[in-house]
Amino acid sequence: MTIKSCPVQPQAWSKQQLRKLFLDCDGDGDGLLTKEEIKKAFRNLGAVIPGYRAWEGLKRADANKDGCVSHEELDALMDYADKLQYTSGTNY
């Protein structure tokens, strides 16, 4: 008797999951995401080159050019991450 396994389709991260992931990476809780905190988030997403993704995400989301992503700018960062179509089997 042969048992066949059903392939599990990876699920794309939802916007809600991305928001939680990015906010959870705000290590100091100041409400601002630094490049290093964004890099950590992209590493958690499985980015091959998280430093580049953090740089590109910061460039796209940092509207006031202060070097950080605030809660007001977070939607632009999430849109960038969403377009990259990361998938996950985790409960994030």
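Which residues of helix 2 (residues 35–45) are buried? Here are some notes on that and on what surrounds it, for a model that is predicted.

1. **The buried side of helix 2.** The buried residues of helix 2 are Glu37, Ile38, Ala41, Phe42 and Leu45. Looking down the axis of the helix, you will find these buried residues within an arc of 140°, so they line one face of it.

2. Just after helix 2 comes glycine 46, with a positive phi of about 100°.

3. **The overall layout.** Starting at the N terminus, the order of elements is β-α-β-α-α-β-α-β. Of the 92 residues in the chain, 35% are buried. If you take the contacts between residues at least 6 apart in sequence, 56% of them join residues at least 24 apart.

4. **The nonpolar core.** The largest nonpolar core holds 21 residues. Those with the most contacts inside this core are Phe22, Leu33, Ile38, Phe42, Leu45, Val69 and Leu77. At least two core residues come from each of helix 1, helix 2, helix 3 and helix 4. Helix 4 gives the most, with five residues.

5. **Leucine 45 as a close-up.** Leucine 45 is one of the buried residues of helix 2, and also one of those with the most contacts inside the core. Which residues does leucine 45 contact, leaving aside its neighbours within four places in sequence? They are Trp13, Leu18, Leu21, Ala81, Tyr86 and Thr87.

6. **Aromatic pairs.** Searching the whole structure gives four aromatic pairs. In one of these, the ring centres of phenylalanine 22 and phenylalanine 42 are 5.7 Å apart and the planes are at 70°, so the pair counts as edge-to-face. This pair links distant parts of the chain, with phenylalanine 22 in helix 1 and phenylalanine 42 in helix 2, 20 residues apart. Phenylalanine 22 has a relative accessible area of 1%, so it is buried. Phenylalanine 42 is buried too, at 0% relative accessibility. Ring pairs also join Phe22, Phe42, Tyr80 and Tyr86 into a cluster.

7. **Cysteines.** Cysteine 25 counts as buried because its relative accessibility is 3%. Cysteine 68 is at 15%, and therefore also counts as buried. How many disulfides does the chain have? The count comes to zero.

8. **Serine 70.** Serine 70 has a relative accessible area of 12%, so it counts as buried. Apart from neighbours within four places in sequence, serine 70 is in contact with Gly31 and Leu32.

9. **Two residues with positive phi.** Lysine 65 is not a glycine, yet its phi is positive, at about 55°. Lysine 65 belongs to the loop between helix 3 and strand 3, and its 62% relative accessibility makes it exposed. Glutamine 85 also has a positive phi, near 55°. Glutamine 85 is in the loop between helix 4 and strand 4, and is exposed because its relative accessible area is 63%.

10. **The database annotation.** In an unreviewed entry, UniProt lists residues 13–48 as "domain: EF-hand". Over residues 13–48 of the model, the chain is 58% helix and 6% strand.

Note on methods. Residues are numbered from 1 along each chain as its sequence is written. This is a predicted model: local features need pLDDT of at least 70, side-chain atom pairs count only at pLDDT 80 or more; totals for chains, interfaces and linings use all residues. Side-chain values use heavy atoms; hydrogens and water are left out. Buried means under 20% relative accessible area, exposed over 50%, partly exposed in between (1.4 Å probe, protein chains only). Helices (H or I, at least four residues) and strands (E, at least two) are DSSP runs, numbered from the N terminus. The arc is that of the directions from the helix axis to the C-beta atoms. A nonpolar core is a set of buried Ala, Val, Leu, Ile, Met, Phe, Trp, Tyr and Cys residues joined through side-chain atoms within 4.5 Å. Contact means heavy atoms within 4.5 Å. UniProt positions are given in the numbering used here, feature names are shortened, and annotations may be inferred rather than shown by experiment. A disulfide is a pair of cysteine sulfur atoms within 2.5 Å. Rings of Phe, Tyr and Trp (its six-membered ring) pair if their centres lie within 6.5 Å; planes under 30 degrees apart count as stacked, over 60 as edge-to-face and the rest as tilted.
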